Amino acid sequence: MNAASLSRCLPYLDKGVFFLMSTVGNSTNIFWHECPVGKADRQKMLNQQGCIVWITGLSGSGKSTLACSLGRTLHSRGKLSYVLDGDNLRHGLNKNLGFSPEDRTENIRRVGEVAKLFADAGLICIASLISPYCKDRDACRALLPEQFIEVFLNMPLELCEGRDPKGLYKLARAGKIKGFTGIDDPYEPPLNCEIEITQKDGMCPTPSEMAGQVVSYLEDKGYLEAPVSMKIVE
């Protein structure tokens with residue numbers, strides 16, 4: 001820390017508080033403020049572990065359906081979660097972004113940062129987005145590498161286009177939508193996802209079956225209870 005930075009911290013030293021000034025991106029002269037109640041305290045109170053469940057796949061693959069089914073299943077078990085849906089977020093937080101590669105990257109970056117905050121709050125954050133580019137998903141994973149669970153809904157394009165619940169594939173085929181993932185913009189499948197959901201014998205799993213697969217993973221990895229060291233002793 002240089003002299004100028006130290007001088008700005010001095011007013012706080014006699015109060016037993018030390019702030020470190022930093023520069024992050026275009027933000028200068030900013031300080032990280034630690035609060036007395038931390039993630040460990042929140043996880044203990046909720047009896048679960050905060051994490052990010054990142055659901056990726058083509059449009060029409062069932063991401064939102066899985067996200068809502070998973071949220072409902074967790075709620076029925078007394079576990080607190082929150083769904084960050086890609087389309088919903090474009091109604092507010094990301095309404096100023098389009099679908100260019102640059103805007104897609106910024107869209108995913110913002111969602112990743114919000115998901116990290118939810119996980120820090122002790123929630124199971126369920127992010128449901130096409131998120132077509134590996135580098136963008138990997139950047140989100142890097143924010144919370146030990147608590148990032150990537151779920152790949154690996155459904156064939158023909159199935160997704162056949163469903164076309166929003167009519168977007170039809171518009172893309174007609175040339176009315178440009179840069180549509182799977183048609184004239186690539187989808188890069190995950191290389192090392194934690195969970196992959198596929199058809200079985202040509203049949204798609206039901207929403208409850210998909211949610212059950214994710215819940216089983218969360219349970220096996222201990223996310224549905226507080227870490228052992230934090231459990232309340234009766």
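**Exercise 1.** Determine which residue forms a salt bridge with Asp 120, and where the two partners lie.

*Solution.* Step 1: Asp 120 pairs with Arg 42 in a salt bridge, with 2.9 Å between the closest N and O atoms; the term denotes a side-chain nitrogen of Lys or Arg within 4 Å of a carboxyl oxygen of Asp or Glu. Step 2: Asp 120 belongs to helix α5 (residues 101-120) and Arg 42 to helix α2 (residues 39-46), so that the pair links distant parts of the chain, 78 residues apart. Helices are DSSP runs (H or I, at least four residues), numbered from the N terminus. Step 3: Asp 120 is partly exposed at 36% relative accessibility, and Arg 42 is partly exposed at 22%. Here buried means under 20% relative accessible area, exposed over 50%, and partly exposed in between (1.4 Å probe, protein chains only).

The model is predicted: local features need pLDDT of at least 70, side-chain atom pairs count only at pLDDT 80 or more, and totals for chains, interfaces and linings use all residues. Residues are numbered from 1 along each chain as its sequence is written, and side-chain values use heavy atoms, leaving out hydrogens and water.

**Exercise 2.** Classify Lys 135 and Asp 136 as buried or exposed.

*Solution.* Step 1: the side chains of Lys 135 and Asp 136 meet in a salt bridge at 3.1 Å, N to O. Step 2: Lys 135 is exposed, with 52% relative accessibility. Step 3: Asp 136 is buried, with 6%.

**Exercise 3.** State how many salt bridges the structure holds, and which residues are linked in a network.

*Solution.* Step 1: the total is 10 salt bridges. Step 2: the network links Arg 137, Arg 141, Glu 150 and Glu 194.

Note on methods. Helices (H or I, at least four residues) and strands (E, at least two) are DSSP runs, numbered from the N terminus.
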